[in-house]
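This briefing is for a reader new to the structure. Please look over the sequence and the model first, then read the points below.

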Amino acid sequence: MRALRVVASAVAACLAAIGIAHAQDAAALKKQMPGQWELSTTERSKTCVVTLKGDAAGQGFKLELEPACKAALPFTKDIVAWSVRGLDIVRLQDAAGEAVIDFTEVEAGIFEGLRQGEGVYILQDLAAARAMAKSMDQMIGDWSMVRGNGQPVCGLTLTNTEAGPDNFQVFLKPRCDASIAQFNPTQWRLERGQIILMSKSGDAWQFEADDNAQWRRVPDTADPLIMLRQ
């Protein structure tokens, strides 16, 4: 019996510790969130500035939406407050405290939320979001694709012309390598630090910046494909 009591006591202590840790995580998140955030579609074709505050408001905390929010993202018209639910959910909620959209952190300072039938939305620190937008502007223009040995295999142009939800047009130049011509990307986007090229058939190639300021296709291979600015 004594052994059982010891085990029960140990389990209770563990559960209490977990409860404290969860409470601390939720409390830390509540302290982290007040400030200016950008609510947007995944590629920022539609954006809205949300100011989260630490003042209590009904079943949550106060927030302010910039006037353009309702036109850019119509669902925001129902948002009146924010709160932290459970361990790590940031909720933008209606007057009844129900979720308009719930976000979870996927990277430091970047939260993702899903609205059924609409898609994924991003909540990101406003300054970081604007820095990313500047990065995207720097992607626009002429590029060259080369192999790992430096041999050019294709030229392409990334544009800022919209080509559907959150994507933009890309054009291949003449005389591309057969494998790239067959892939024939028609759209591109910048997503979580990657350049994504997409074909009409829905295939996608991902490129990540490496330590040499080049964009290398991932996953890496013995004969890498690299994108270079012209």
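Strand 6 (residues 99–107) and strand 7 (residues 110–115) run antiparallel and are joined by four bridges. Helices (H or I, at least four residues) and strands (E, at least two) are DSSP runs numbered from the N terminus, and two strands pair if DSSP finds at least two bridges between them. The model is predicted, so local features need pLDDT of at least 70 and side-chain atom pairs count only at pLDDT 80 or more, while totals for chains, interfaces and linings use all residues. Residues are numbered from 1 along each chain as its sequence is written, and side-chain values use heavy atoms, with hydrogens and water left out.

**Strand pairing**

- E105 stands opposite F111 in strand 7.
- The hairpin of strand 6 and strand 7 has two residues between the strands, and G109 there takes a positive phi near 80 degrees.
- Strand 7 also runs antiparallel to strand 8 (residues 119–125), and six bridges join them.
- G113 stands opposite Y121 in strand 8.
- Three residues lie between strand 7 and strand 8 in their hairpin, where G117 in the turn has a positive phi of about 85 degrees.

**Disulfides**

- There are two disulfides, a disulfide being a pair of cysteine sulfur atoms within 2.5 Å.
- In the disulfide of C48 and C69, the sulfur atoms are 1.8 Å apart.
- This pair links distant parts of the chain, 21 residues apart: C48 is in strand 2 (residues 47–57) and C69 in helix 2 (residues 69–72).
- The torsion about the S-S bond of C48 and C69 is about 85 degrees, so this disulfide is right-handed.
- Both C48 and C69 are buried; buried means under 20% relative accessible area, exposed over 50%, and partly exposed in between (1.4 Å probe, protein chains only).
- C154 and C176 form a disulfide with sulfur atoms 1.9 Å apart.
- This pair also links distant parts of the chain, 22 residues apart: C154 is in strand 10 (residues 152–162), and C176 is in the loop between strand 11 (168–172) and helix 4 (178–183).
- The S-S torsion of C154 and C176 is about 55 degrees, so this disulfide is right-handed.
- C154 and C176 are both buried.
- With bonded cysteines counted along the chain, the disulfides follow the pattern 1-2, 3-4.

**Salt bridges**

- The structure holds nine salt bridges, each a side-chain nitrogen of Lys or Arg within 4 Å of a carboxyl oxygen of Asp or Glu.
- One of them joins the side chains of E64 and K53 (2.7 Å, N to O).
- E64 lies in strand 3 (residues 60–65) and K53 in strand 2, so this pair ties together parts eleven residues apart in sequence.
- E64 is partly exposed at 43% relative accessible area, and K53 is partly exposed at 27%.
- R147 forms a salt bridge with D177, their closest N and O atoms being 3.8 Å apart.
- R147 lies in strand 9 and D177 in the loop between strand 11 and helix 4, so the pair ties together parts 30 residues apart in sequence.
- R147 is buried, with a relative accessible area of 18%, whereas D177 is partly exposed at 27%.
- Salt bridges that share partners join R147, D177 and D223 into one network.

**Surroundings of S144**

- S144 is in strand 9 (residues 141–147) and is buried, with a relative accessible area of 12%.
- Leaving aside neighbours within four places in sequence, S144 is in contact (heavy atoms within 4.5 Å) with residues including P152, C154 and G155.
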